[in-house]
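Biologist: I have a model open and would like to learn how to read it. Could you walk me through it, feature by feature?

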Amino acid sequence: MNSTYYKKHPKWEHLLCGTNGNIWSTKSGRFIEGYICRKGYKIISLTSGKKFKAHRLILETFLGDSQLTVDHIDGDKLNNCLDNLEYVTSNENTKRAHIKGVIGKLGEKSHTYRVSDEDVFKIKNYAPSKKKDKILHAKNLGITIGYYYRILKGKSRNQGFKPPW
């Protein structure tokens, strides 16, 4: 059976961070529950008004502060146990998130895609020169002219984007 060890946070000394991912406040005499933000992470609010991601507080306590990104090894954003957290580069974190399926798929594999990769290629490479023809092309594809122009400008569905790994 694993036992939990608590240690004072180096900056916020009233916080005792546990290897099990829990955080105890010596000021209030209770565990800090926090809340889940829209990105799925546990956020801890201090009485000072400052807010922190729980996983960052845990790693800072046991491994020290770092400019690196915190990775949840198992992909579960709420599993803040010390043995599930590690510092990695931002690129490595993004790579792992794609592999774990934590961040969405790209292109047609995305649940939000509106046009096929082939149509994106056609829009970017063979778009009509006249505005009325572009409007008609967008209508035929079932997208707004605004979305059509975002594809043309590379702001949506960057055809040919390949992750760096």
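**Reading the fold, piece by piece**

Modeller: Start with burial: 30% of the 165 residues in the protein are buried, where buried is under 20% relative accessible area, exposed is over 50%, and partly exposed is in between (1.4 Å probe, protein chains only). Keep in mind that this is a predicted model, where local features need pLDDT of at least 70, side-chain atom pairs count only at pLDDT 80 or more, and totals for chains, interfaces and linings use all residues. Residues are numbered from 1 along each chain as its sequence is written, and side-chain values use heavy atoms, with hydrogens and water left out.

Biologist: What does the accessible surface of the protein come to?

Modeller: Areas are from the Shrake-Rupley method with a 1.4 Å probe, and for residues only the protein chains shown count as cover. Here you get about 10,800 Å², with 50% of that belonging to carbon and sulfur atoms.

Biologist: How many helices and strands does the protein have?

Modeller: We take DSSP runs, numbered from the N terminus: helices are H or I over at least four residues, strands are E over at least two. That gives five helices and nine strands, and the pattern along the sequence is β-β-β-β-β-β-β-α-β-β-α-α-α-α.

Biologist: Okay, sheets next. What is the order of the open sheet of four strands?

Modeller: In general, strands of a sheet pair through backbone hydrogen bonds, either parallel or antiparallel. Two strands count as paired if DSSP finds at least two bridges between them. In this sheet the order is S1-S2-S3-S4, with antiparallel pairing. Strand S1 (6–8) and strand S4 (30–31) are the edge strands, each pairing on one side only. S1 is joined to strand S2 (residues 15–18) by three bridges, and tyrosine 6 has glycine 18 in S2 as its bridge partner.

Biologist: And which strands make up the open sheet of three?

Modeller: That one runs S5-S6-S7, again with antiparallel pairing. Its edges are strand S5 (35–36) and strand S7 (51–53). Strand S6 (residues 42–45) pairs with S7 over three bridges, with serine 45 standing opposite lysine 51.

Biologist: Which strands does helix H1 lie across, and at what angle to S7?

Modeller: Contact means heavy atoms within 4.5 Å. For angles, axes are lines fitted to C-alpha atoms, for helices over the stretch in contact, and the angles run from 0 to 180 degrees between N-to-C directions. H1 lies across S6 and S7, at about 75 degrees to S7.

Biologist: How many salt bridges does the count come to?

Modeller: The rule is a side-chain nitrogen of Lys or Arg within 4 Å of a carboxyl oxygen of Asp or Glu. The count comes to five. One of them joins glutamate 86 and arginine 96 at 2.5 Å, N to O. Glutamate 86 sits in strand S9 (residues 85–88) and arginine 96 in helix H2 (residues 90–100), so the pair ties together parts that are 10 residues apart in sequence.

Biologist: Where do lysine 122 and glutamate 118 lie?

Modeller: Both are in helix H3 (residues 117–126), four residues apart, and their side chains meet in a salt bridge at 3.3 Å, N to O. Elsewhere, salt bridges that share partners join Asp71, Glu86, Glu92, Arg96 and Lys100 into one network.
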